[in-house]
2 protein chains.
Amino acid sequence: MVEHSGLDIMCLNKYCHSSSSSSSSSEHDKKTFAQIKLNLSGDYPKKNAEILSGQYGTNLLLIGAALMLAIAHHDPFVKEEHLLSLVTCLMILQLLWMMWYILARDRQKNTRTEKDVHATTCWIRGGLTLLALLSLIMDAFKIGHYVGYHSCVSAVLGVYPVIHATHTIAQVHFLWFHIKDVIKSYETFERFGVIHAVFTNLLLWCSGVMSEAEHFLNNHMRRLSALGYGNLTTGHSEPLCNCTTSTCSMFTSSLYYLYPFNIEYHIFVSAMLFVMWKNIGRTMDLSSNRKRLATKTQGLSVGPILGLLALASTIGILVVYITHVESLQTRQSAISMFYIYGIVLLLFMCCASASGLLIYRVDHIPLDTSKNPSRQLDTELLFGSSIGSWLMSWCSIVAVLSTNSSPPYLWTNCIYSLLLVVEKCMQNLFVIESLYRQPGDVESDDPELQSAPEIFSVTSSLAPPYNGIINRAYETPDKACVTMENEQEESGPVYRCPRKPSEVPLPVGNKVVEPPNIKRQILKNLSVFLIMCNISLWILPAFGCRPQYDNGLEQETFGFSIWITVLNFAIPLNLFYRMHSVASLFEVFRRV
Amino acid sequence: MVEHSGLDIMCLNKYCHSSSSSSSSSEHDKKTFAQIKLNLSGDYPKKNAEILSGQYGTNLLLIGAALMLAIAHHDPFVKEEHLLSLVTCLMILQLLWMMWYILARDRQKNTRTEKDVHATTCWIRGGLTLLALLSLIMDAFKIGHYVGYHSCVSAVLGVYPVIHATHTIAQVHFLWFHIKDVIKSYETFERFGVIHAVFTNLLLWCSGVMSEAEHFLNNHMRRLSALGYGNLTTGHSEPLCNCTTSTCSMFTSSLYYLYPFNIEYHIFVSAMLFVMWKNIGRTMDLSSNRKRLATKTQGLSVGPILGLLALASTIGILVVYITHVESLQTRQSAISMFYIYGIVLLLFMCCASASGLLIYRVDHIPLDTSKNPSRQLDTELLFGSSIGSWLMSWCSIVAVLSTNSSPPYLWTNCIYSLLLVVEKCMQNLFVIESLYRQPGDVESDDPELQSAPEIFSVTSSLAPPYNGIINRAYETPDKACVTMENEQEESGPVYRCPRKPSEVPLPVGNKVVEPPNIKRQILKNLSVFLIMCNISLWILPAFGCRPQYDNGLEQETFGFSIWITVLNFAIPLNLFYRMHSVASLFEVFRRV
């Protein structure tokens, strides 16, 4: 079943071509056409397939985006049903592709599929399964909602959750058994299949984000009119008939607590599928397929305690904020409280990231520059998703500096925003450096066992036995190392500089004062603390604590529509950033 | 003057460290701090410097974006002066850095700086110099405008053009003499300098785009009120005093014809500086530093003629459109005319790209996968800047399908938008494949000279002399080639599969019917034609032909504010796409 390699077909063609060069011109024409046809199907260059599939996926997403924009304007001729029909079709297509893929893999069971061990970890898949379960509950609620209103709403609203549930189950199965595959057969076709899956999930993410944004905007409007700022009509339209069951309102209100999980589920899956897409046709560097890291939890104390403290106080703050922001008397104090709490939390997080970076500065290890699409994507996503929150922060700062009014939270808002920028910069640096450091080789758990023998065995492979022959390469090993390091940047293979015996930390003097596994334990505690803090900063906006809507400052400077647009762009990115940081920091926790 | 390599410093530290391991604890603390300090300054890992400088640049841009958003809302406390002051400061900083860079390079004249020959070409720099000249004229006009109104406008409006002119001159000098440098000393510092330059130019681009968008919006409002659609107030504020010279209005109106050139200048420069940033610390693969391609123009006939025809008719269409769209009677016919012209032009462009791709399918050459940041950036920019126009097209299609009204240009708009999507997809494929094909080796100009000797010399390096020894690698060279090709994808070095003598097109039979340089000439003609068409499609929106503002269809479906937001995002990207395609296609023209 394995597709012929493009080059083989090409060479075959060329053979035919040159052997028939003396035959008639019409026959030649026929052959040329046959060759074009064959080339178009079999020999499509990898680069072209990549670009073409990327363009296909991007356009899918943009069609969805265009529909969403029309829905956002409450255009009478473009309804949510249209978007849902599109998404349902795309999900069915993805289901068909996944089925085909699994069947094709089953049939060629005897050929071993290469795997990319970096592509994902057990605990990420576990987390995603949990998120998928919550999504399934959401689908059940949606079906319940449809049953209640089925007499007056479109059938699409009933079909969609059923298909979505099927899609979720099938996709989780796919994640567990196939996401690490390095596809090497039917490359062009599979490339389209995978990118279709990536962008279907992205579209589901976008549609979830839109529903959330609409919900928050409606909430905001409701609050404003409750506070007496004019009777603003909300864009939300309830079905026109009465619910036939007694649980409709319960379904509707519960849905919004489940949305955040569904949203995170889809964006994570699409990132993982994107790594799979990047891996198509890749030749794996087998040496980089190391054995898995074992998660060790010994020596954890301060980090988890402080983290849990942060988490608990966050939930307290969330409850207080949501209840207090509704009334005119307590509104400003609720907002002030949020900012002060945020400043304290961010200061701690900055300190944690800074200490992590300082430890790395003391403890020099050359970076691991082997090719790893998963890690590179992690880096790019961290960086890219920070942009949303940075833009929001700078807008807040501009608003504070230019405003005429002086609410009590004016300067706390400014400091909070500045700290948000600084904290993200430092955390990104810390996470990215952690991911690029070579894990657990240099500092083994037992400093006594580590010292001489292992290191000498590494160097001995390079150093000559001291038998009197002068070897210039060994005389200046540092320079050699530098050159090799530079070359590493360019090409794939990993080569670590051997340490000279004199560089190896010896178990004397300062060694007793600061043995390396104390550094490691500090790093472990720091990452656990940062994980908890990031979860806190995810919970706050995900469940309704969005002072950017409520404080009125930015709205005054930028106007309602510009500011809401900025928020609709920035908040989903920020939520994703926090969840993604949690995943990355957990990886850091396991590596240090 | 060359900065010490990080690793060297580290090794020195470790030496001290281990030799002093028996000394007192306070001395050790001091040393640790000294080490941290040294590491922070000298030994900062490359990856961190990259991330940190990227974050610095992004935040610069976002500060500017926040200011622009506030200005767009006409906030009374944030004025254009604030933005201009920020930009002026950034330009002065960049000037200082460039001065430092040039002086530092001058002092180490004896050490040869490595160059990346792919970074830019002579003709790109020539084109940029031309754009820079037009920018200088714009600055002169701005100074003239300031002189006329100096009594009532902020001094920043006078300082800004002076600094901008200085900046432009210095930057063009920098482009000519230093843009290809591969920086290897003071890497961390220079990284910040270069990224500062990249984002200063991006900010200048954004600010130019904002001025343009505002100008078009005001124009649109003016037309609408002239047509009787209510008296809409424009946001544009003229200075409050009278002009003291007689040329103010001339300056103001001329400015808008020069803006498009200034905008393209800045975005191109920032792309080139970004390549320079990517090259910092890179080890050049000297084998890929081939000699320059000579631009050959023989055999050009159909392409330039058709292209010039397209260009001439575009200018005609532009003039007719701008004059006819102002009046109510001719408005609809002007818009219809635009769409019909666009459809014809796009159809021709699709055919051109498709023929190019077909020629490539017939004529298989393995792709050149050597590392080349410049080319990769070209690819990503082509892809990324297409997104704007795709979004606009899909919005138009959604609007057409959902509208209730039926203007005469309803379906032409739909077809035009669809063709726009298809044309960009095909052109991207064509350009990217062209850039990745190995240039001009396989088909030399003279088919007689090319055939046997050269090829045999290539294969002979791999093939054994036929002396009876059976070599398995030569028996199945195709398979060997496939493996090597896959390896190429992963690592840097280029290795081209040798062609077997039987694969080499021999000068018999079909050779006479279709000698390879006919294919080449077709490709050259196609790329010249596409260049002219892309220039046409740049001229139309750049100089005022934007039916998306005038046709009213999309505005009805998406609402005024959403649609204007989409246009403000999409049109600048589309303009950049066209200019960038012209540059890439010229590169294609020189390579085929």
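These are my notebook entries on a predicted model, chain by chain and pair by pair.

**Ground rules**

I number residues from 1 along each chain as its sequence is written, and chains are lettered from A, with ligands numbered from 1, in the order in which they are written. Because the model is predicted, local features need pLDDT of at least 70, side-chain atom pairs count only at pLDDT 80 or more, and totals for chains, interfaces and linings use all residues; side-chain values use heavy atoms, with hydrogens and water left out.

**Entry 1: chain A overall**

I began with the secondary structure of chain A. It comes to 20 helices and zero strands. Both are DSSP runs numbered from the N terminus, helices being H or I with at least four residues and strands E with at least two. I then looked up burial. Of the 592 residues of chain A, 55% count as buried. Buried means under 20% relative accessible area, exposed over 50%, and partly exposed in between, with a 1.4 Å probe and protein chains only.

Next came contacts, meaning heavy atoms within 4.5 Å. I took those in chain A between residues at least 6 apart in sequence; 87% of them join residues at least 24 apart. Chain A exposes about 25,400 Å², and carbon and sulfur atoms supply 67% of that area. Accessible areas come from the Shrake-Rupley method with a 1.4 Å probe; for residues, only the protein chains shown count as cover.

**Entry 2: salt bridges**

How many salt bridges does a search of the whole structure find over all chains? The search finds 26. A salt bridge here is a side-chain nitrogen of Lys or Arg within 4 Å of a carboxyl oxygen of Asp or Glu.

I looked at R282(A) and D116(A). Their closest N and O atoms are 3.6 Å apart, and they form a salt bridge. The pair links distant parts of the chain, 166 residues apart. R282(A) sits in the loop between α8 (248-279) and α9 (302-324) of chain A, D116(A) in the loop between α4 (80-107) and α5 (122-149). R282(A) counts as buried at 4% relative accessibility. D116(A) is buried too, with a relative accessible area of 0%.

I then checked E433(A) and R437(A). They form a salt bridge with closest N and O atoms 3.7 Å apart. Both residues are buried. They also belong to a network of salt bridges that links R361(A), D363(A), E433(A), R437(A) and K519(A).

In chain B I picked E326(B) and R223(B), a salt bridge with its closest N and O atoms 3.5 Å apart. E326(B) lies in the loop between α9 (302-324) and α10 (331-362) of chain B and R223(B) in helix α7, so the pair ties together parts 103 residues apart in sequence.

**Entry 3: helix α7 of chain B**

I followed α7(B) from end to end. It has 40 residues and reaches 58 Å from its first C-alpha to its last, close to the 58 Å expected at 1.5 Å a residue. The expected span is 1.5 Å times one less than the number of residues. Of its 40 residues, 29 are buried, so α7(B) is largely enclosed by the rest of the structure. G228(B) follows α7(B) and has a positive phi, near 95 degrees.

**Entry 4: D181(B)**

I went to the loop between α6 (156-178) and α7 (187-226) of chain B, where D181(B) is placed. D181(B) is buried, with a relative accessible area of 2%. Its side chain joins that of K115(B) in a polar contact of 2.9 Å. That term covers a pair of N or O atoms within 3.5 Å; within protein, one must be able to donate a hydrogen and the other to accept it, and residues adjacent in sequence count only if both atoms are side-chain atoms. Leaving aside neighbours within four places in sequence, D181(B) is in contact with residues including Y101(B), R105(B) and M276(B).

I found N262(A) in helix α8 of chain A. N262(A) is buried, with a relative accessible area of 5%. N262(A) and L136(A) are 126 residues apart in sequence and 8.8 Å apart in space, C-alpha to C-alpha.

R222(A) is in helix α7 (residues 187-226) of chain A. R222(A) is partly exposed at 42% relative accessible area. From R222(A) to S353(A) I noted 131 residues in sequence and 40 Å in space, C-alpha to C-alpha.
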